[in-house]
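User: I want to learn how to read the contact between two chains. Can you take me through an example?

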2 protein chains.
Amino acid sequence: MLSLSFLKDLLLMPHTAPDLSNSHRTMHVVNHVRALIENGTLQPGDKIPPEREFARALKISRASLRTGIGYLAAMGVMKIRHGVGTFVADGPPDLGKASLSLIGALHGFQTWQMFEARIILERSLAALAAERGKEEHHARMSEEVAEMFATIERPADYLIHDVLFHRIIAQASGNPILAAVMETVTSSMYDKRRKTVERATDLRESAEMHREIYRAIRVRKADEARDLMEKHLRMAQTAQGAERPADRKVSTTSAAARRPRPRTARS
Amino acid sequence: MLSLSFLKDLLLMPHTAPDLSNSHRTMHVVNHVRALIENGTLQPGDKIPPEREFARALKISRASLRTGIGYLAAMGVMKIRHGVGTFVADGPPDLGKASLSLIGALHGFQTWQMFEARIILERSLAALAAERGKEEHHARMSEEVAEMFATIERPADYLIHDVLFHRIIAQASGNPILAAVMETVTSSMYDKRRKTVERATDLRESAEMHREIYRAIRVRKADEARDLMEKHLRMAQTAQGAERPADRKVSTTSAAARRPRPRTARS
DNA sequence: CTCGGTAGGAGGTCAGACCACGTCAAGTAT
DNA sequence: ATACTTGACGTGGTCTGACCTCCTACCGAG
């Protein structure tokens, strides 16, 4: 009787509790590091003590310490460099880039869905950048646009500046959360784009559009920037042939098959 | 001279390479699991072999196997249950919920930024749900709205159905990527909300708004659903006193201080 | 001054033993 | 016969301590 409401909470709100992620020691490490970060002792780019030493300090085995560090590294909070040390991440924040492609494989993400997500995100990002961007950002954007025009003949290089341009807009938006999300989504598309770009034919047009976006942002025309960005991405999507299938019969494969119950084993 | 362009790529495109995340064995495990997932051998909810056995199969030590599994678990791809086994995640996909709060602490995410992100995401999600939602979703949404009205006197319970309602919309949007992103963002706000909700006074009004949103989605009025959702969230934001400070002087603390160089150590 | 090698420090892997938690079925009491 | 207790077993969690690999910095040879 009471088990009913109990199970309900447990099954439907799997994230209410501190997660089933890890166990004592691992969380101990994570929380310790979290504390160090929150109280400012640890800042982006800093190096943490060597494993042996750190483990001794936390009174846990090196193995457990490593589990915790690995957890943090997996989430992009720390960067491990073999033979050098472990550092607090400092680059553009991301929510575990690798995760999206894995989870994507698991849940069957489609390319058009990535574009849809990207359009929704970058539309707003462009508008916000137009409202809040600073000279610093404008300068860097301008620079990347110039680089794009300069590398029209070298698709691989062009793509780098393309990505950089969008990343700067994300930063200029003044919302690191959205920037992190965009970073996650786009990075999972990078590989695919790198292949497609090679046979691209209209990089010039693409560069033009970037310049227009830049101009709109510079003169703080949010609506214009937003519309241009959307137009740009839709064009990119078309170029990559990733339109959403007109009216798939959506066999509910994903939603229905997952309902049953967490079946136990299987070899 | 050439080192310049070289460094540029390395520093500005930290995700070009296979990431500096982990080492041989760990990646070996990750790739192996990825392969199993992609070829359909492993599906959501499935249990993977016991560590000892799996490790032997991959010809690596149990410790390394555990590192890899830990990596996957950290990203939300797998769920580990002590004393039971390790399973492929099956719930609503998320990009490492814990990561956002950690990365948030690291980069100083603000509450208003979370709301901003949430508004941008859910606006679109509501619109998409209106366009693509199925009867199944409508039914479940309706149910949650009813539950909300029924639990107006119990904020804690109300919040559960509130979250559920938004989650169903995300599913109804037909874009699991956006749903996953939203899940990640909202879950990091859950704790805060649970505290705020206790002293909430106008849950009735909140419930009304949810019903309106539901109706708009049901009759497939995308624009209306989008606007109502935005209105709803802005109201929630105000209730939680998380407006964006009018014109903070943005001391560039975050952007400027991180420039220098990856300073080496610091005890 | 430059080049090459070497020593040390840091992370990566391994092995095997033991601990902690959940499950389920055998056993016991009712 | 049913219901509760209890303990064996399987699974993940932790520990120890040894060894490997990689990167860096130092230092002597040229």
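Analyst: Start with the surfaces. This is a predicted model. Of the interface residues of chain A, 96% are also interface residues in chain B, so the copies meet through the same surface.

User: What area is buried between chain A and chain B?

Analyst: The size of an interface is often given as the accessible area lost when the parts come together. Between chain A and chain B, about 7800 Å² is buried. Carbon and sulfur atoms give 65% of that area. In residues, 84 of chain A are in contact with 84 of chain B.

User: How many salt bridges are counted between chain A and chain B?

Analyst: The count is two. A:Arg132 forms a salt bridge with B:Glu116, with the closest N and O atoms 2.4 Å apart. On the side of chain A that touches chain B, 44 residues are nonpolar, 20 polar and 20 charged. The rule also finds 10 residue pairs in polar contact across the interface.

User: Which residues have the most contacts inside the largest nonpolar core?

Analyst: They are A:Val77, A:Ile169, B:Val77 and B:Ile169, in a core of 136 residues. Take A:Ile169. Leaving aside residues up to four places away in sequence, A:Ile169 touches A:Leu125, A:Ala126, A:Ala129, A:Met141, A:Ile213, A:Ile217 and A:Met229.

Note on methods: Residues are numbered from 1 along each chain as its sequence is written. Chains are lettered from A and ligands numbered from 1 in the order in which they are written. This is a predicted model: local features need pLDDT of at least 70, side-chain atom pairs count only at pLDDT 80 or more; totals for chains, interfaces and linings use all residues. Side-chain values use heavy atoms; hydrogens and water are left out. A nonpolar core is a set of buried Ala, Val, Leu, Ile, Met, Phe, Trp, Tyr and Cys residues joined through side-chain atoms within 4.5 Å. Buried means under 20% relative accessible area, exposed over 50%, partly exposed in between (1.4 Å probe, protein chains only). Contact means heavy atoms within 4.5 Å. Buried area is the accessible area (1.4 Å probe) that two parts lose on being put together, summed over both. A salt bridge is a side-chain nitrogen of Lys or Arg within 4 Å of a carboxyl oxygen of Asp or Glu. A polar contact is a pair of N or O atoms within 3.5 Å; within protein, one must be able to donate a hydrogen and the other to accept it, and residues adjacent in sequence count only if both atoms are side-chain atoms. Ala, Val, Leu, Ile, Met, Phe, Trp, Tyr, Cys and Pro count as nonpolar, Asp, Glu, Lys and Arg as charged, and the others, Gly among them, as polar.
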